[in-house]
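Have the structure open while you read.

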Amino acid sequence: MKITVPLLAVALQLAGTVFAQDDAAIAANLERFWSYGRSEPVYPTPETKGLGDWKKAYRQAKALVAQMTNEQKNNLTYGYTSTTNGCSGNSGGAPGVGFPGLCLQDSGDGVRGTDMVNGYPSGVHVGAAWNRDLAYKRAHYMGAEFKRKGVNVALGPVVAPLGRMARGGRNWEGFSNDPYLSGSLTGETIRGLQESVIACVKHFIGYEQETTRNPPLLWKNSYNQSVSTNVDDKTIHELYLWPFQDAVKAGAGAVMCSYNRINNSYGCQNSKTLNGLLKGELGFQGFVVTDWDAQHSGIASAEAGLDMVMPDSPFWENGTLALAVRNGSLSQTRLDDMATRILASWYKYAEIQNPGFGMPVDIREPHELTDARDPKSQSTIFQSAVEGHVLVKNTNNALPLHKPKFLSLFGYDGVAATRNTMDNVTFGQWAMGWAPMLTYPNGTNTNTSILMDIFLSSYDPLASGPGVALNGTLISGGGSGATTPAYIDAPFDAFQRQAMKDGTFLAWDFASLEPIVNPASEACIVFINEQASEGWDRPYLADPYSDILVSSVASQCSNTMVVIHNAGIRLVDRWIDNDNITAVIYAHLPGQDTGGALVDIMYGKQSPSGRLPYTVAKKASDYGKLLNPVVPEGDLNLWYPQDNFTEGVYIDYRAFEANNITPQFEFGFGLTYTNFSYSDLDVALVPGANTEYLPPGSDIAEGGIPSLWDVVATVNCTVANTGAVEAAEVAQLYVGIPGGPVKQLRGFDKQTIKPKRKEHFSFDLTRRDLSTWDVEKQAWGLQSGSYPIYVGKSVLDIQLTGTLHI
């Protein structure tokens, strides 16, 4: 459908001109009204200087650039469609001087859309594990798989969307909606990936909804624009920029700019965010690449800080930038810097001479197998799957299971999808992670062509794909972040193996909405999921179909356990208080080892150690204006949708505490099979630490001013395992920064503790951790005063309190 806007005198008067009553006139007027003067201009683009350990790569890049013509430099800056490899994107090269170009490939959860690779747990699953070391190991093995396939640039990790909006379709790709947790895991992921390839952190910045994320890419002569994230300077620093700063500090080689507009300037031509924040304030040394088809201007985007365009560029191809240098509309230094940034990242992280050599164009055709898997990765993939499970209810120690004689299994999510092979090269159900979602709950089949139109923002903005995947267990979400696994060890597979070992009789019904339960069942396990995908925002936070299934089984079985593979927040208010429901697990998106990992948890081979990386509300309305996406409406906003981030930093648990709303399950919550006690809190300033208001020094390094990472204070405590089972505890440190939210996560540590033993937990607080962004001084300020310190098991289950005085 084509969206039109009526002629409004008020809209025209705002521009000060009277126009004819036609769409083109209205569009021109609205363009002037919305797109100018709302985002601060920052020029010129800061040049890369080879800061820190970039020096060698920088010198190599500069030397090669000196040998290149402007036409060759221009050729590096945009992509083309390859007929020899199946990479998500290919950049142009300069073969005459020895640069073959780059292969860029999805996704942040493993190599997507090809064979002989592993399917790793998704971002939200890693976030739920709260394990820095495991995040690093996962990334280490993923990066090696990309390299073995000839990939230069791994398109991940994801830190935007952060997860501001509860129904966000891509929240599952990121680690958490808390910037500290997200940033901590992002830094470890960057370090692991870049042992083999260039990591491309995405999507910069403020990309928080799928609805109207793009202009309609399939509509000709459309005036619709992307949604604008309207966010103030303080909020963008303290919330949305925070994890990107950790990424740059870790040495990220590439950053992907986003589809949305920021303060009405497109993300890939926004000089404030690219030149000012990323390359200026954070000292980013790598290159900025567009999301696919996210370029909306030519010279303007180059001057704003964009370095590379994917998958191609009508604006920059055929020597346009070289011509612009000749006629003076683009500086020579800007073109040189674009080429230098691309080449420096290549030299530093991924100097592959035959990019994409292991990525067949179409695996349905005869091709040579390139096995990217490393047997040593198996334990990391499995343990990553285990630790992302979060146990939130366990009445009377219903779990773990102990060799039950009779066990009944129910629910569509218990078995694997019927297909794990390519069906289409581009928008195929397999490559896009849509294979488990072939039908809607009403029985209607999904239409891949319509899903593609929605994905490309060329359909009713209120339309969506299914909110539940009824055709197989959910191991990842959908879209470019999906995973294509080597196998799927579904829950049913793993439970059958365990039943064979234990002599358990298994009954199952994975088809019925209201199954008949054998009353002899010692326990009944219901497998459900909550699907999400790139391209649309979720239709709900709890699908009625699954809730009917859960309630039906629980009405017949007094020991019903629910396992939810959820691509984001999933409400449970319709049945959580049912006494017959004894255990509930948020199983998230575990990747290919989903079944075995679940059995390890439910049979007590490992105690659950996951914690929620978001807040689960009691009802959807508790999320307030952060529940639903902004949709085009009204007159001024119909072609130019506006999303005003007036809540500031108050999202998720910050908002719940500020508004005195009690959640169903709070941020950081998760049960284990034992008990922990906390003691011996010690809060201390580091002797000699600089506590002046502004950070010492003005020189910029990767990540910003180096003194922001100076340790100002330490917090120490002791945690004892008072139960009978070995388990890992996640101790969480929250700080009350003067003038800000009641609590903000500023530390966490995960340690395994044996029964009747105790361990020491220590947290460092940096200047950055304790500072707030001063809009007037344009700097991080460390305030004098009292900082409440909270250490506990979750944001609400605080075990120890103290005060830090600065």
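**Notes on the predicted model**

1. Let's start with a helix pair: helix 3 crosses helix 13 in a right-handed sense. Bear in mind as you go that this is a predicted model. Helix 3 covers residues 55-66 and helix 13 covers residues 332-349, and they pack at an angle of about 130 degrees with their axes 8 Å apart. An angle like that makes helix 3 oblique to helix 13.

2. If you want to look at that contact, pick out Ala 57, Tyr 58, Gln 60, Ala 61, Lys 62, Leu 64 and Val 65 on the helix 3 side. They meet Asp 336, Ala 339, Thr 340, Leu 343, Ala 344, Tyr 347 and Lys 348 in helix 13. By type, the residues of this contact come out as nine nonpolar, two polar and three charged.

3. Next pair: helix 14 (residues 378-387) and helix 18 (residues 594-602). Their axes are 8 Å apart and the packing angle is about 55 degrees, so helix 14 and helix 18 are oblique to each other. The crossing here is right-handed.

4. From helix 14, the residues in that contact are Phe 382, Ala 385 and Val 386, and they meet Gly 596, Ala 597, Asp 600 and Ile 601 of helix 18.

5. Now the largest pocket, with a volume of about 1,000 Å³. Which residues lie nearest its centre? They are Cys 87, Ser 88, Arg 112, Trp 292 and Thr 426, out of a lining of 44 residues. Strand 2 (89-91) and strand 5 (198-204) are the elements that give two or more residues to this lining.

6. Two cis peptide bonds deserve a look. One joins Asp 106 and Ser 107, with omega at about 0 degrees; Ser 107 sits in the loop between strand 3 (103-105) and helix 5 (123-129). Another runs from Met 310 to Pro 311, where omega is near -5 degrees. You'll find Pro 311 in the loop between helix 11 (299-303) and helix 12 (320-326).

7. Last one, a backbone detail: Asn 396 isn't a glycine, yet its phi is positive, at about 50 degrees. Look for Asn 396 in the loop between strand 11 (390-394) and strand 12 (406-410).

Notes. Residues numbered from 1 in each chain as written. Predicted model: local features only at pLDDT ≥ 70, side-chain atom pairs only at ≥ 80, totals over all residues. Heavy atoms only, no water. Axes fitted to C-alpha atoms, helices over the stretch in contact; angles between N-to-C directions. Helix = DSSP H or I, 4+ residues; strand = E, 2+ residues; numbered from the N terminus. Parallel < 35°, antiparallel > 145°, perpendicular 65-115°, else oblique. Left-handed = near helix turned anticlockwise from the far one by under 90°. Contact = heavy atoms within 4.5 Å. 1 Å grid on protein atoms, 1.4 Å probe; cavity = no way out; pocket = protein on both sides within 12 Å on 5 of 7 lines; lining within 4 Å. Points joined across faces, edges and corners; volume = space filled by probe spheres on them. Nonpolar A, V, L, I, M, F, W, Y, C, P; charged D, E, K, R; others polar.
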